[in-house]
Amino acid sequence: MKFQIEDVTVFFPYDYIYPEQYSYMIELKRALDAKGHCLLEMPTGTGKTIALLSLITSYSLSEPETSIKLIYCTRTVHEMEKTLAELKLLHNYQIKHLGPQARLLAIGLSSRKNLCVNPTVLAAENRDSVDAGCRKLTASWVRAMAAENPNVPTCQFFENYERAASAAVLPPGVYTLQDLRVFGKEKGWCPYFLARHMVQFANVVVYSYQYLLDPKVAGIISKEMQKESVVVFDEAHNIDNVCIEALSVSVRRQTLEGATRNLNRISQEIDRFKATDASRLRAEYNRLVEGLALRGNLPITDNWLSNPALPDDILKEAVPGNIRRAEHFLHVLRRLVQYLRGRLDTENVEKESPVSFVASINSHAGIDQKTLKFCYDRLHSLMLTLEITDTDEFLHIQTICDFATLVGTYDPILQLSCHDASLAIKPVFDRFQSVVITSGTLSPIDLYPRLLNFHPVVSRSFTMSLTRDCICPMVLTRGSDQLPVSTKFDMRSDPGVVRNYGKLLLEMVSVVPDGIVCFFVSYSYMDGIINTWNDSGILKEIMQHKLVFIETQDVVETTLALDNYRKACDCGRGAVFFSVARGKVAEGIDFDRHYGRLVIMFGVPFQYTLGKILLARLEYLRDTFQIKEGDFLTFDALRQAAQCVGRVIRSKADYGMMIFADKRYSRHDKRSKLPSWILSHLRDVNLNLSTDMALHIAKEFLRKMAQPYEKIGGSGRKTLLSEEDLEKMGDGGMDEMLY
Amino acid sequence: MASTHVTKRAKYKTTIKDPGTPGTLRMTFEKILFVPHNPKSAGKLDVEFRYIKGQKHTKEGSNKPPWLNLTNNQNGSFIFEFENYSDLQECRDFVGKVLAKGGEVSEKPTVAYPDEQLSAAEMELRIKLLQEDSELQKLHKQFVLSGVLTETEFWATRKKLLDREVSKKTKQRLGFKSAMISDIKPSTDGRTNKVTFNLTPEVILQIFAEKPAVHRAFLSYVPNKMSERTFWTKYFRAEYLHSTKNSIAAAAEAAEDEELAVFLKQDDILASEAQKKIRQVDPTLDMEADEGDDYTHLPDHGIFREGNKEMTESQNELYKRSLSQDINRHAAVVLEGRAVDVELEDTKAVAEALAQSKQKSSNKGESDGDISRERLDRLSRMTEIEDLQGPNTLPLAPLCIKDPRDYFDSQQANALRTSGDALGGIEQIKCGLSTQEVYGSLRESISSIKAMGLKEPIVKPEVAHQVFDALTNSISNTKYHIGKNPQESVLDRLPRKTKEELLHHWTSILELLKHFWASYPITTTYLYAKVNRLKDAMSNIYPQLEEIKGSVPSELRHQVSLLVRPMHQALDAAIQHYEASMQKRSAQSGERPNGYV
């Protein structure tokens with residue numbers, strides 16, 4: 001359908017639109033007009049992504065001269081693929097109705113691991129080995145060597161890409177990672193470097209948060225984006241944590257051991273070069289005198305992760321004299337590792353601000369702040385000079401230098417941990433004119449601007465207009481035997497609680513069709529409870545009804561388990577998926593439609609409050625933002641819980657139940673932190689249920705949902721709008737129809 | 001088959017017991033010619049078709065070889081045994097064609113053999129249906145073979161079963177048990193520490209499927225290196241070690257015993273399979289790709305979180321296998337289904353068949369080019385918002401309820417459990433509507449449809465719901481009502497034999513009644529004859545019912561008679577109707593002899 005929002009003609013690839021999608025677009029357009037940032041909360045299952053994509057692309061189509069670039073950040077690769085697939089749908093629709101002028105180039109960007117098509121490189125296990133494998137074939141010195149000696153292996157795809165030079169471009173279209181790989185294979189060009197090259201021409205770039213937030217990555221990839229770009233952070237409820245992670249490093253004993261080994265290897269290399277090719281080291285020295293600002297001239301394949309500090313914080317000055325010589329730098333690093341090892345040998349937890357930590361390094365190891373700041377770049381330069389390609393072996397020393405640089409620049413512990421989420425995102429807010437932060441759960445919506453330290457021009461939370469009561473949240477406080485259930489620390493290992501949880505699941509698997517998802521508060525708790533259920537035979541009984549799949553810490557295994565889970569739901573066998581709140585599955589996998597008719601949240605997913613880092617962060621939040629520890633912890637736990645259960649609804653035709661199985665959810669202070677779209681369906685009678693009551697409600701609910709219903713929405717409020725409805729609304733009276 | 005002749009290899013038998021003379025059978029429109037391979041042997045045959053009166057043949061799926069029996073007008077017969085059923089069918093069809101042509105020659109038309117008009121495929125289908133459903137087979141045997149109903153009549157009421165589309169669906173295959181292998185509990189003799197495991201081929205197949213490494217070890221060790229018994233002893237030893245969760249002890253034992261180590265180690269075949277499978281995974285949940293993109297997951301970057309970035313501690317890890325892994329693997333295997341369809345008797349055979357089927361599927365996997373196509377389809381399905389556009393039909397497996405009785409019984413039990421004593425209300429449903437009322441309501445609904453067109457949904461959800469509720473409540477409700485305890489059915493308390501007899505009588509009475517009532521009004525001689533046949537069959541049932549009543553112990557007699565009463569009533573009504581219409585008939589044409597119209 002096609003409709004007008006003020007002066008913009010919006011193309012929307014479906015026949016109908018939800019009213020909340022429409023108002024979402026209106027708010028978004030206001031933010032774009034005002035060239036400011038915005039914060040938008042809209043429940044899952046209302047089609048945020050497509051609304052956002054169609055508004056922004058239509059907006060830029062209506063103003064062809066400004067050429068707005070859309071930078072769409074997702075948390076995960078699979079969300080990236082999904083976004084691109086939706087964009088493809090939209091793009092096809094626009095081409096159909098507008099013709100060639102609607103053409104755009106949209107690409108997803110990821111690491112070599114996900115884009116490489118060279119089978120020899122791809123055989124490596126993890127990202128770092130793929131990176132290293134690629135460097136071994138494409139580094140400038142390797143290629144120079146190959147030019148002389150045909151026996152040196154190079155990457156055919158990269159060579160072809162280089163040879164094609166400026167002819168190597170992607171024709172307009174929407175490219176998922178899969179499409180990029182197919183295209184690359186077809187043309188014989190390296191998709192990774194091609195995509196990196198095309199970023200500057202693309203109208204839409206979809207990539208992971210870190211490409212913008214993590215200075216190490218952003219420095220290379222995102223530096224050329226123009227100010228007019230619109231940046232979108234989708235599913236941004238955890239954005240503060242991502243920001244913090246980007247600037248945090250921890251050092252353990254293994255890291256230090258590895259670093260020592262790396263240093264020995266480097267020193268051997270230096271000796272080798274001294275004997276064979278001393279001029280190289282001299283050349284490097286000269287370069288360093290002139291400063292580090294030479295990154296721009298590096299060949300594309302030699303690019304490394306850039307400096308972990310933020311671009312504006314690293315001064316454009318020459319590398320301090322004491323680390324310009326390779327041997328001297330090596331000594332500095334050895335002293336640093338030595339010092340860190342000494343610090344690791346303590347029995348007590350020590351908390352120090354970076355300033356005092358740096359001062360202590362200075363007095364004990366004789367390394368000053370400025371030297372530390374340059375550690376990372378200096379190491380990079382040295383490794384390039386030494387022509388080291390197996391970068392995956394050198395991760396440990398990288399970590400140390402990373403740590404050193406950050407500690408020299410900012411606040412951070414031997415777990416250098418960042419507490420200020422706004423630090424990492426600040427450059428993004430400064431550089432781009434519109435940053436959109438959106439998610440299904442951003443409650444309380446006023447907290448985010450404080451955490452991230454920015455001022456949105458639009459900040460709005462949308463509710464969901466439902467055609468029928470298609471979600472059914474319940475709070476279960478007791479088992480069938482009326483004993484309370486909770487994962488409170490003193491209760492969680494109580495056999496009665498474990499049994500009651502098991503009985504709850506057992507009863508539910510026998511009445512709920514298709515998929516059920518269970519979330520536990522931690523891996524260790526999940527392992528424990530599954531073992532107990534297995535011993536007591538409950539698990540066996542559950543298996544009589546549904547297949548059981550479990551999230552483990554092994555990503556490959558978990559992915560396969562999820563894939564099988566979906567297959568089991570597709571074929572009608574039905575399955576239960578056991579997962580962990582705050583785990584990878586909870587963060588990004590949808591359990592919509594028959595993939596999740598019921599979600600059970602066993603317990604309240606509080607963070608591990610005895611963790612030192614968390615305590616430090618809480619202290620920081622209290623001192624800086626006057627946010628009470630308790631409040632933040634509850635906020636955080638409930639946002640995780642809401643996140644876990646919030647993925648069951650995909651559209652208004654969908655339905656699902658949610659059980660919060662812990663007596664603490666019945667307390668008002670906890671419950672009220674849940675997002676409003678859940679709260680509005682949480683009826684008072686469902687607040688204090690026992691297992692048998694919940695079972696009864698579940699049966700009634702499922703029976704009700706199985707009946708056909710009027711899709712357009714019955715009495716009064718419409719929940720689906722057609723093109724005519726929108727036109728009518730244009731004549732006024734919009735508000736009365738929407739709310 | 002428009003050919004003018006058929007030539008097949010066959011054996012000619014003069015009698016059924018005759019081993020037969022191998023040779024070539026050649027049939028043309030005019031004659032049948034059989035030439036033995038061995039020219040010296042007797043049994044050369046040259047018969048003209050006009051002497052042939054009819055044909056009989058063995059059914060495929062019966063245990064008999066493919067025989068074709070051609071009867072001549074002197075009541076002699078020629079029996080041919082073919083090499084396979086397709087040959088038989090070809091010849092049978094040919095003979096059928098010739099006989100039909102010369103229909104005027106043969107005295108009896110082919111009606112006596114209604115099978116002959118069926119195509120081979122239809123025949124097969126009927127046979128298959130009978131084999132699958134023992135109840136149907138019983139009915140078929142009782143009525144068709146005894147001549148109460150003809151084959152055509154029997155099947156005419158079951159057209160739905162014969163529907164090609166429905167029958168084309170693949171037969172459901174038996175899957176693996178949902179119980180885990182680790183649930184195999186040993187039995188102890190109570191005195192010594194010895195434990196005994198009972199292994200069935202079924203379990204072994206499951207072990208092989210879930211643990212490819214054990215499968216491989218079995219193929220390479222047994223029987224050359226060790227006996228099957230030692231192999232399984234070692235396996236369970238390893239399982240025991242594993243169950244103690246003592247990875248150090250396991251490592252120690254593994255170091256001593258190379259073969260034992262195979263069972264204790266992580267399954268390397270599984271790991272490599274996982275690498276292969278991960279490439280075909282649905283891209284919308286590929287978390288492995290995230291790992292490859294996530295720069296904060298360099299070792300030690302980001303915040304250390306509980307359980308998230310623990311490093312493997314020691315090499316004992318090699319011998320640690322978590323319960324979660326087992327459960328995931330088990331569920332995956334159950335989901336994949338059983339690849340092997342061999343008779344489970346010999347372990348060795350099981351192992352080899354599994355290996356073969358794996359080989360096949362891996363070959364298929366490599367050559368399969370449209371996997372990425374399917375991936376993309378799935379991706380686009382995942383991204384579309386369903387209710388913003390027209391409906392999308394999903395590929396659904398049709399529900400196959402093997403035994404409707406089981407289904408309704410379980411529904412009944414559920415309904416009783418939920419709506420406890422609300423049953424009282426059901427009796428009040430108004431059944432006696434006058435003709436005027438029915439007509440009126442019909443007119444009303446027709447005119448409303450005319451005015452507004454068909455609505456979606458056609459039936460109001462509430463009404464549909466009510467009807468279903470009433471149905472599930474009333475279907476087989478006597479069974480529960482008579483029993484004191486709603487969970488327990490009366491039938492279950494009867495002796496097994498009586499129960500089965502009762503149920504069988506019910507179905508056969510229903511079958512007869514169905515045909516009986518469908519024959520009215522009687523318009524042809526054929527129907528008249530049929531009704532007579534049916535009536536006789538029905539009156540035969542009375543004494544049988546009495547017999548059942550008599551055979552049960554006295555304390556159950558009352559209940560049985562309660563169960564029998566509705567049968568009696570139904571039969572009585574039918575016979576009454578029969579007699580009434582007979583009288584009417586004879587009144588109309590008084591002097592006509594019985595049986596003539």
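A: Start with burial: a residue is buried under 20% relative accessible area, exposed over 50%, and partly exposed in between, with a 1.4 Å probe and protein chains only. This is a predicted model, where local features need pLDDT of at least 70, side-chain atom pairs count only at pLDDT 80 or more, and totals for chains, interfaces and linings use all residues. Residues are numbered from 1 along each chain as written, chains are lettered from A and ligands numbered from 1 in the order written, and side-chain values use heavy atoms, without hydrogens and water.

Q: Is A:Pro191 buried or exposed?
A: A:Pro191 counts as buried, because its relative accessibility is 1%.

Q: Where is A:Pro191 found, and which residues is A:Pro191 in contact with?
A: Helices (H or I, at least four residues) and strands (E, at least two) are DSSP runs, numbered from the N terminus. A:Pro191 is found in helix H10 of chain A, residues 191–198. Contact means heavy atoms within 4.5 Å. Leaving aside neighbours within four places in sequence, A:Pro191 is in contact with A:Leu115, A:Val117, A:Leu180, A:Arg181 and A:Gly184. A:Pro191 and A:Asn114 are 77 residues apart in sequence, yet their C-alpha atoms are 9.8 Å apart in space.

Q: How do I read aromatic pairs?
A: A pair of aromatic rings is described by the distance of the centres and the angle of the planes. Rings of Phe, Tyr and Trp (its six-membered ring) pair if their centres lie within 6.5 Å; planes under 30 degrees apart are stacked, over 60 edge-to-face, and the rest tilted. A search of the whole structure finds 36 aromatic pairs over all chains. In one of them, the rings of A:Tyr192 and A:Phe193 have centres 4.9 Å apart and planes at 75°, so this pair is edge-to-face. A:Tyr192 is buried, at 5% relative accessible area. A:Phe193 is buried too, at 0% relative accessibility.

Q: Which residues form one aromatic cluster?
A: The cluster is formed by A:Tyr501, A:Phe520, A:Tyr525, A:Trp533, A:Phe578 and A:Phe602.

Q: What about a charge over a ring?
A: The test is NZ of Lys or CZ of Arg within 6 Å of the ring centre and within 35 degrees of the ring normal. A:Arg566 lies over the face of A:Tyr595, at 4.8 Å from the ring centre. A:Arg597 lies over the face of A:Tyr655, at 3.9 Å from the ring centre.

Q: How do I read a sheet?
A: Strands of a sheet pair through backbone hydrogen bonds, either parallel or antiparallel. Two strands pair here if DSSP finds at least two bridges between them. Chain A has an open sheet of 7 strands, in the order S15-S16-S14-S17-S18-S13-S19, with parallel pairing.

Q: Which strands stand at the edges?
A: Strands S15 (547–550) and S19 (689–690) of chain A do; each has a single partner strand, so one side of each is left without a neighbour in the sheet. Strand S13 (residues 471–478) of chain A pairs with S19(A) in the parallel sense over 2 bridges. The bridge partner of A:Arg478 in S19(A) is A:Ser690.

Q: Which helices pack on the sheet?
A: Axes are lines fitted to C-alpha atoms, for helices over the stretch in contact; angles run from 0 to 180 degrees between N-to-C directions. Helix H25 (residues 555–571) of chain A packs on the sheet and touches S14 (515–520), S15 and S16 (575–580) of chain A. The direction of H25 makes about 150° with that of S16(A). Helix H31 (residues 691–705) of chain A also packs on the sheet, touching S13, S18 (656–661) and S19 of chain A. The direction of H31 makes about 170° with that of S13(A).

Q: What should I look for in the backbone?
A: Most residues other than glycine have a negative phi, and most peptide bonds are trans. A:Asn453 is not a glycine, yet has a positive phi of about 60°. A:Asn453 lies in the loop between helix H21 (447–452) and strand S12 (458–461) of chain A. At 53% relative accessibility, A:Asn453 is exposed. A:Arg593 also has a positive phi, near 45°, but is buried at 12% relative accessibility. The peptide bond from B:Tyr520 to B:Pro521 is cis, with omega near -10°. B:Pro521 is found in the loop between helices H22 (496–518) and H23 (525–551) of chain B.
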